Amino acid sequence: MEWTSAQLRSLVELTRRGTITAVADALGYSPGGVSQQISALERATGMQLLRRVGRRVELTDAGATLAVHAERILTTEDEAVEALERTRNEVSGTLRIGLFATAAAEILPSALRRVRRLHPGVTVRSRDMDVDEVYDAVAGGSVDLALGLDYPDVPIPRDPSLRVRELSRERFSLAVPAGAMPGRTKVSLADTEHLGWILPSAGSYYGRAVLTACRRAGFEPQVLHEVTDTAATLALVEAGVGVSAVTDLMLRLRPSGLDVLELHETMERHIVVVFRSFAEHRPTVAALVDVLRASAGRHSPAAHE
């Protein structure tokens, strides 16, 4: 039987995500492309691997059996790549990295410049993705490593198959419309009890972290606008329709005419890099982690003290 890594990865991702569309989003394919990969795998094996159940698909017994072995095959391939990298006299190879919007705008450019200077044999390919999806993307092998966010109040689950390394810490402030709190430079979260908030959904790590902090301060925030995009959030605050929590890195995404007030409460987010446990000593991964730590550190408050 002959199959490709892309075909096996599509099957493995389907066991994790359940739909062709979700697999396509995770792997950066079109839904039609994922279907073609699975169809090619069925031809290679001579067996039906999927069956339709209403509008969904599910794995047949043969598909579920192959998926278990496919995951082992893909892990072995990754380990082989690491072993080959170790035989080289220089750090070289291609890495796929997943990033959320703020990291792509503020951390990636300086990291790529540093990679070109220190490790010219390393090629980095990046993918912009939802920050809450980067952990699954690394676990599924669609990227080699990713930049993510971790919140002390709502920590990400620690999967033993993944390594999470902290790169820097950011403390949240409060963004308010210009002139909304004249004469104030520092406020408590409780001072926003009667103000409207602009936040991502309560199902996101960020949304849950802010909700948790507000509840600890004794109130339930009035979320008027559910917005994921940081630049759009800043624009809405500037327009006077609500307040939001912000960090220095977030504020760099869009020059805004708003006021930023220090919070009495300590509310933080940690910028982290995520990669698979067995890749911890892979030369290219170790080199890129070091580069990302240096680039993220440039934007950390501690770097300017």
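I started with R293 and D290, whose side chains form a salt bridge with 3.4 Å from N to O. For my notes, a salt bridge is a side-chain nitrogen of Lys or Arg within 4 Å of a carboxyl oxygen of Asp or Glu. Both R293 and D290 sit in helix α11, three residues apart, about one turn of the helix. Helices (H or I, at least four residues) and strands (E, at least two) are DSSP runs, numbered from the N terminus.

A word on what I am looking at: this is a predicted model, where local features need pLDDT of at least 70 and side-chain atom pairs count only at pLDDT 80 or more, while totals for chains, interfaces and linings use all residues. Residues are numbered from 1 along each chain as its sequence is written, and side-chain values use heavy atoms, with hydrogens and water left out.

Next I checked accessibility. Buried means under 20% relative accessible area, exposed over 50%, and partly exposed in between (1.4 Å probe, protein chains only). R293 comes out partly exposed at 35%, and D290 is partly exposed at 49%. I also noted a network: R96, D144, R276 and R282 are joined by salt bridges that share partners.

How many salt bridges does the rule give? The count comes to 16. I looked up E280 and R163, which meet in one of them at 3.2 Å, N to O. E280 lies in the loop between β13 (268–276) and α11 (283–297) and R163 in strand β6 (residues 162–171), so this pair ties together parts that are 117 residues apart in sequence. E280 is partly exposed, with 23% relative accessible area, and R163 is partly exposed as well, with 29%.

Then I turned to E170 and R269, a salt bridge whose closest N and O atoms are 2.8 Å apart. This pair also links distant parts of the chain, with E170 in strand β6 and R269 in strand β13, 99 residues apart. Are these two buried or exposed? E170 is buried at 3% relative accessible area, and R269 is buried at 4%.

Five strands form an open sheet in the order β4-β3-β5-β13-β6, with mixed pairing. Its edge strands are β4 (122–128) and β6, each of which pairs on one side only. Neighbouring strands are turned by 25° against each other on average, direction ignored. Here two strands pair if DSSP finds at least two bridges between them; axes are lines fitted to C-alpha atoms, for helices over the stretch in contact, and angles run from 0 to 180 degrees between N-to-C directions.

I went along the pairs. Strand β3 (residues 93–99) and β4 run parallel over seven bridges, and R96 has R125 as its bridge partner in β4. β3 and β5 are parallel too, over two bridges, with I97 opposite L145 in β5. β5 and β13 pair in the antiparallel sense over six bridges, and L149 stands opposite I271 in β13.

Why is β5 largely enclosed by the rest of the structure? Six of its six residues are buried, so that is how the strand ends up. L145, L147 and L149 point one way from β5, and A146, G148 and D150 point the other way.

Last entry: I came back to α11, which lies across β3, β4, β5 (145–150), β6 and β13 and runs at about 10° to β6. Contact here means heavy atoms within 4.5 Å.
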